[in-house]
Structure formats: structure tokens, C-alpha cells
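Subject: Structure handover

Dear colleague,

I am passing on the structure below, followed by some notes on what was found in it. Please read the notes with the model open beside them.

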Amino acid sequence: MQSASSYVLSAVGIDKVFPGARALDRVDFSLARGEVHALLGENGAGKSTLVKCLTGAYRRDGGRILLDGGEVDPRDTLEAQKLGIGTVYQEVNLLANLTVAENLFLGRQPRRFGLVDAREMNRRARALLSEYDLDIDVTAGLSAYSVAVQQVVAIARAVDLSGKVLILDEPTASLDTHEVALLFRIVRRLKERGLGIVFITHFLEQVYEISDRITVLRNGQLVGTRETAALPRRDLIAMMLGRELVGEVGSGNRHAAPGGDVRYRFRGFGRKGHIRPFDLDVRTGEVVGIAGLLGSGRTETAEILFGAERADSGTAEADGRPLDLSSPRAAIREKFGFCPEDRKVDGIIGDLSVRENIALALQARRGWARPLSRGEQDRLADHYIRALDIRTSDREKPIRLLSGGNQQKAILARWLATNPDFLILDEPTRGIDVGAHAEIIRLIEELCEKGMSLIVISSELEELVAYSSRVLVLRDRAHVAELAGERVTTGAIVEAIAASDGRAGT
Amino acid sequence: MSATLKAYARRLFPQVAALAVILLMVSLAFPGFFKLEIQNGRLYGSLIDILNRGAPVALLAIGMTVVIATKGIDLSVGAVMAICGAVAAACITSGYGLAATLAITLGTGVLCGLWNGLLVAVLDIQPIIATLVLMVAGRGIAQLVTEGAILTFNDPGLIFIGSGSFLGLPMPVVIWLVFGLAVALVVRRTALGMLIEALGVNRRAAMLSGVSTGVLLIAAYMLSGLCAAIAGIIAAADIRGADANNAGLWLELDAILAVVVGGTSLLGGRFSIAASLIGALIIQAINTGILLSGFPPEFNLIIKAAIIVLILVIQSPRAQSAFVWFSRPRATAAGKAGEEAK
């Protein structure tokens, strides 16, 4: 046990109550100087709420915050910043249209004669970023740089402003391996400088790579704080989920394609400028995975199959009968369903209740003149809230207030309610926590066993391998490979994607 | 079922309360305000006046509510009123029967709405611009129909719509009450209400869930056009003539205000036709009240603006969260009591 004075930041008995839910229940948290402290928990466990209480974005309802041993009470993020607590969020909260230097010094630009001294500002910006081994043109617009560089700029600004505590909220969510390495180098250097760093993430490998201690929250309560080195991965997952997870991902590869005839047959299906014409067969009770890098045509494939973009070539048949996929409405009539990648933009109807969100697709298919009665909607919503374990205080809660994983389950419920034969899932597990992740994978396998045909798009290759009997590989908006049976391995998928590099390199 | 009713009551409470306060204040300044009397089988009194004078805005507010719920807005309703008034007068004076005149006029309004709807839904033009086109062009069209003059008529049937009475109530009141009730019932007893709200909150997500967003959008603007046509007939019948320049002038703004005072967000989504109708009555009560209270007319618009600002402040999310904050101890205690009762 370290003495109290070695903690740069400690929170004691933090309470936060939202209407209808206790988001934090007497949570203790302490951060030592020069440590990286991972804050973990499922979606909705209270990680973000705790961080927001610490940074003053939320007013806590109880508890004390000690900074360097003295009690503080930040009323907003600005005050927290002045006290020494800086935060960098997943979606970089900088202004993309300003230059790098302007972003670094926004609100405190060096002035001369009352005007912004751009030369001085740029000089200081270069000096600041050189500490991070970042040699970029600080007069260029921030949007010209990759998310990783933007992330570093955000960290540089936060550290420069605050300097005691740095909170990183899912900083690696949209970075590739190389960029994560760059970020971690910087984090280690800041740690040596004595900063206390709070690191929130869903990636457990990264937790083990960088963190010194781990604090786990569950349902707004503190589960415990442990030394990372002394906490086996399995125990950590048990802490996070509060139960023994039956295998992190599925029960093993099925690989073998189900017997039976091809049910859905697409020939030369495509649309100019979106996806080159492709052939695709899907059997009853089969999961076909789609893999490829971002922008390779994965989402475009999903949209054209569902009629969100109309195909301008090719044919689609089910059991030899031509399918009308000219619009989502037509596709739904053919018993298709589609969970889009961007839940917030394409999926949820934020202001409407969980109940209405679940009933929407079924109601739309029945038509306006045949309303589902309130009783039917209630039964439908209650059924799926129970069946999919959607965590919500009640079915009338606006869906935007739910956490990402629960929103995803509600969108799934919307489609399951229409009893589809063909379901397209675009990144069904993106941005959701381990528990919901495993549940959704289990659900995919269940649906498949019930005889549904599924197309699942995912960038998590292990996941694809676990449940797909075949995997299509996309590259440059074309289907370039199809792996089946024994060949469905992560290695083979990576190879098929990488085979493109010859062309991409030119 | 009672839970739904309770939710409904909670939704309408601010509007009803605001209306009650305004009526009380007017009655203090003008003692005979609540007096009703019956002459020739028809009710008379200031309250009836408010219901009657408020008819055009109330009718426009019905369509406007639905359009705003789709995240749109319809600036053309005042101009459509003028067009439809002109069409009605032109038809009746050139010898068409009352039924034919009404059919043609209502058809004209629906056609205007179809035009707006096509611009918004098919060409994807921003609603404020799309409907501005007809707002500007509409008065010109109306003047072409009336050939620049005020077209008067004396068909008793048409006049009856403006100044007759039914079951003791003036016809305009009967029309907007019945029409408002009918639209509210159709929207809420079918799935239209939910589909419109889904469309208004997130058009793309609604489209991907199979909602026919295009058809719904066009239908919303057509309903708004129909409402404007009815309002136009009433306005023309009231003065027994079609005034292309002044019929419905600025009423689109009053209708939007009625919807906003009724608590429907301009960002689309959740809507209440009943609340908008009360909103229209609030506006008319303010108008009538200021006149009756004997303030110099110069003050009218300023007082009206002040009262509306006050109502909007009370409704603003910030003010409401402050209100929740003040009443929280009591609310949690009540919540606990409720849970224990279960």
C-alpha cells in the first residue's frame, strides 16, 4: 500500500445518480505519480461517468476528489484543466479546420500588439511537438493528418495545459498497430516525467502491454484495483463480467459449410462507383463472413445487398425466384434485415423509446394502416429486452441514453422482430465491451443454427473465423477471394488482403 | 391505459397552464371576459371569439405540426391560403356549385402541398427554401386568379362556412375542432405518428428500417396544403371575398409559433397536434386579450412577443432541468413511495 501522498489524484466514495439509474455507487479510485492506470469495465459500467466526474464535465452527487493531497472540486473541464487534469477523448476533440499550431494554442495564442503572433505560435508549436518526436508542418490544417497524429496533438495540448494527470479515453480505438506503438512510446515518456495516466480501452492486450495497475468497474460499482502483473487475463475478464465467460469467442471453428442447397444466389451483382459486380451464394443456416480493410467495399456490399444502394447490374434469386432488392423496403419484404455499421447515424432513432426502436421495422413492413397495438409493442419490446439482455431501466427510455452495446442489441432486436431469413450485420461488435461482444457472437451462432442465412462484416478476423463457414475478401471495391473450409484462417485472410499491396503500392 | 393518459396530461400541462394564466390575466383587465350568452341559437362571448378568430391559425398549425415533426417547415401556407381563397371565389362567381367549388379549392391546396413535398422529398431541397418558392410565387398566383381585384361573392352556402353556426358554435370553430380531432385520431390510431416521428428524428435510419420516407414526407406537405386550403376558404368566406394581397398574410409565422409554443421541437420528432392547437389558442388569446384590455394598439406586438418569450423560456430544456433540480428531493421521495406501493 502506497502512502497517501504518493497519489497525485484520488477519488473517494464518488456517487453519481442519473434519473432512473445509479451510475456510480461510492467508487474509490487512486492514481499514483508516474503510473499508467487502466480503467476497465463493460459498456455502461461507469468508466466514462467516473472520468466525467473527475474532470468536472458532470457534477458528482457525493464523494471527494483529492489532487496532490488537497481537496478540489472542478466545476467544469476548463477548471479541471487549470488544476492539472487533462483529457483526450476517442473522437479527437480538436478543430479539424484549424492548423496544428492553432489547435495547440487555441484560447491562449501568443499575442503581439493585441494580435495573434502567428510566427511565435508556430515556433512554440514546433518546439512542443518535437518533445513528442513529431516533426510535422504545424501550419497545415489538422485534418491533413492521420487520426494518430491528431491524437498526439491532442495529448500534447492536454499535457501542456494540465501537466499532472492525463486521461486517455479509448485513444487507440481507431489506430493501427504501428500507430498504437507510437502512442505508447509517448505514453511511456510522459509516465517517466511523473504524470499519472488513466487509460480507458477495450483492448485487453494493450492493457497488459502498457498499464501498471488496473481498476475494474461493474454496474457503477468498484470491483477492485490490482497490479497488472499479478492479474491473469482470465481473472481480469471474470472481474469485468462478474461471471465465468464460456470461452471468449464461440466454442471453436465450425468451418464445415452446412449441407443443403444454395438458397440465395447473386450473379454479377454490383453498382458502378460502389462495388464491382460479384457472385455470391448463401445457404440456409450459413454465416458468410466479409473481410477487408476500411474502404475496401465491405459496407458497399452490404448496402447493395439490402437495396440501400440500388444494384445496376446482375441478378438476385432466392430458391430460384428472382428477388426485388430495389430499396430497403423491398428487401425487407423479401425478409432481409440489415444492422448498419454506424449505429448512431444509420441505426438508432435517438429520441424514440427502446420500444419504438424495436417495433419500427416490423411496423414499417406491416404498413401504417395496420398498427401494432401498444400491448403488442410492449410484449415485443419486453421479449427482446429479456432475450437479448438489453440493459435499460425501462422500455420507454429514449434509446440514445443506452450504451453502445445495448443500442446494438436493440437494433438486432428490431430485425429479429421481423423474423428475417437473410440478415446482414455490418461490424456488429464494433465499439462494444467484452460481455456484449460474446453475447452477440453467441447470438449469431444461434440464429445460424435456427436456419437463418447471415452475412457478417467484421474487422475482427478471429471473430470471423470463429463463426463463418466461408469468408469473402474484399479489396479496392471488388471481391477478390473466397476462403472456405480448411482455408478459413486469420492467416489466409490477411494474406488475401495483403496480396493487394502490389497494386496499392504503385 | 391510465399511464398513457397520465403521460398525455403531463405533455399538455404547460400549454394548458399558460392558456389558463393568460385567460385569467385578461379577465382581470376585462371583467366581462368569461361571459357567454346565446342569441338566435348561437353562443356569443369573448371566449367564442378567440376560438373563432383563431380558426385559420389553428388549422394551419395542424398541418404545420406534422411537417415540423418530419424536421421540415412550410413557409408557403399563408400564400396557399390566398391562392385557395382566390380559387374558391373565382369558382363560385363563375357559376360552379358549392360542392364543386369546395372540391376544386381543396384539390388546389393539396396540389400546392404536393409541389412542396416533391421539392423536399424527391429533389432533396431544404424545406425552408423549397417552401419559400411557393410563399413568394403564391401571392402572384392568387393575384392572377383574382385578376388583381378583390373578388367578392354572395353565395349563401360559401358564406355560411365563414359566419354560420352549427350546434351553437360558429362554423370555423366546428371545422377546426372536427378536422383537428380527425387528423389527431388518424395519426395516433394508425402507425403514422410513430413513422413520422422516426422519419423526423433520423431519416436515414428510418429509411433503412423500411419506412417509406419519401411518401410520408410528401403526404405531410399535402396535409399542410389541405389545411391551408380550408383556412383559405374560411378567411375568404368570412369577408365574403378573396383578397390576394392580404389573405393569410404572415399567418405561416403564427402557425410556426403555435407549433413551437405547443412544445414540438423544430428539430423534428415527437409532436402533439393537441398541444399545437392549444398553442394557436394561446396566440389568439393574447391578441384578443390585448385588444380587450384597452392597451394602445402600438403595444400589442411587443406585449405579444414578451409573453411568447416567457412561454418559450419556461419550456426550454435548461429551464426545465433547473425546475427538476429544484423539485428533486420531492420527486425522489415520491418515486420511492411509488416503488413501495408496488
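Asp238(B) lies in helix 11 (residues 213–239) of chain B, where helices are DSSP runs of H or I with at least four residues, numbered from the N terminus. This is a predicted model, in which local features need pLDDT of at least 70 and side-chain atom pairs count only at pLDDT 80 or more, while totals for chains, interfaces and linings use all residues. Residues are numbered from 1 along each chain as its sequence is written, and chains are lettered from A and ligands numbered from 1 in the order in which they are written.

Asp238(B) is buried, with 21 other C-beta atoms within 10 Å; a residue counts as buried at 20 or more such atoms, exposed at 12 or fewer, and partly exposed in between, with C-beta atoms placed from the backbone. Leaving aside neighbours within four places in sequence, Asp238(B) is in contact with Gly162(B) and Ser163(B), contact being C-beta atoms, placed from the backbone, within 7 Å. The C-alpha atoms of Asp238(B) and Gly162(B) are separated by 4.3 Å, although these residues are 76 apart along the chain.

In helix 3 of chain B, 15 of the 15 residues are buried, so this helix is largely enclosed by the rest of the structure. Just after helix 3, Lys71(B) takes a positive phi of about 75 degrees.

Between the chains, 24 residues of chain A are in contact with 20 residues of chain B. The largest share of the chain A side, six residues, comes from helix 12 of chain A.

Best wishes

Notes. Helix = DSSP H or I, 4+ residues; strand = E, 2+ residues; numbered from the N terminus. Contact = placed C-beta atoms within 7 Å.
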